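Here is a short briefing for a first look. Start with the sequence and the structure, then read the points below.

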Amino acid sequence: MNLVERAHAHAVRLGRDRVGGEELLLAILDDGVGYALPGALGISRDVLVWQLEKAPASDVAAGTESGFAVTAEVREVLRHDGFLEMLAALSSAGGGVTRVLGEHGVTEEQVREAYARIWAPLLDKNAVWGTPASPARGPADPPPEIDLLSDQIAEHRRRKEAAVDAQEYAQAAIVRDAEKEVVRLRSRLIREWAGTVDPVDLAEAVVSLREQVARLQELRD
């Protein structure tokens, strides 16, 4: 599913007949860098999603994109090239997204800074997977992007279960498909990373983990 298709799925879930800025940002928050964006901005992701879902519907449809009715705001945002430029345009377009982000004191400049912070470790040409990215990470620790994908999978599963509980089976299927894509991506990254890990470092990490588990069992008993 492309971005507009995911945004349309959010619109349908919310009972709206067109894609507005709020639905577009909800789609952006679903995956990848967008998923990490609220944290980088110092905002609770759950709070931001709740605010976007409860925000009044945007203007009526002003055209179509990918066959779906969209507002003038969304049509303008989609004219920008690249994820960052679309995100920056959405944050400063003056619609519901701007109002919601404004409640948290977020500006377009802060959105750009947050985006740069998220991507910085991934764009560092000197970084080598399997080596410590900071003193807090050990040589057998997975790269941060794998941790990020694991967080995404957990969130997809939470949303899928919530949709099933609410008997919103179409939405549950959409979330399930998104989860499968993230699982496949994480599996590929894990395989690539595994080839760079020193077996001795990995063995030491396993031994350390077993010791920690044993201590926790002793405390529980």
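Helix α10 covers residues 169-194. At 1.5 Å a residue, its 26 residues should span 38 Å, and the end C-alpha atoms are 36 Å apart, which agrees. The model is a predicted one.

**Helix α10 and its packing**

- The buried residues of α10 are Q171, A172, V175, A178, E179, V182, L189 and W193.
- These buried residues pack against α1 and also against α9 (144-165).

**E179**

- E179 is part of helix α10.
- Its relative accessible area is 7%, so E179 counts as buried, since the cut-off for buried is under 20%.
- The side chains of E179 and R157 are joined by a polar contact of 2.8 Å.
- Leaving out residues up to four places away in sequence, E179 touches I153, H156, R157 and K160.

**The nonpolar cores**

- In soluble globular proteins, nonpolar side chains tend to be buried together.
- The largest nonpolar core here has 34 residues. Within this core, L24, L25, L48, L52 and L90 touch the most other members.
- Two or more residues of this core come from each of α1 (3-13), α2 (21-28), α3 (32-41), α4 (45-54), α5 (72-77), α6 (83-91), α7 (96-103) and α8 (108-123).
- L90 touches G21, L24, L25, I28, E73, V77, V97 and T98, with residues up to four places away in sequence not counted.
- A second core is separate and has seven residues, among them I146, L149, V182 and W193.

Conventions. Residues are numbered from 1 along each chain as its sequence is written. This is a predicted model: local features need pLDDT of at least 70, side-chain atom pairs count only at pLDDT 80 or more; totals for chains, interfaces and linings use all residues. Side-chain values use heavy atoms; hydrogens and water are left out. A nonpolar core is a set of buried Ala, Val, Leu, Ile, Met, Phe, Trp, Tyr and Cys residues joined through side-chain atoms within 4.5 Å. Buried means under 20% relative accessible area, exposed over 50%, partly exposed in between (1.4 Å probe, protein chains only). Helices (H or I, at least four residues) and strands (E, at least two) are DSSP runs, numbered from the N terminus. Contact means heavy atoms within 4.5 Å. The expected span of a helix is 1.5 Å times one less than its number of residues. A polar contact is a pair of N or O atoms within 3.5 Å; within protein, one must be able to donate a hydrogen and the other to accept it, and residues adjacent in sequence count only if both atoms are side-chain atoms.
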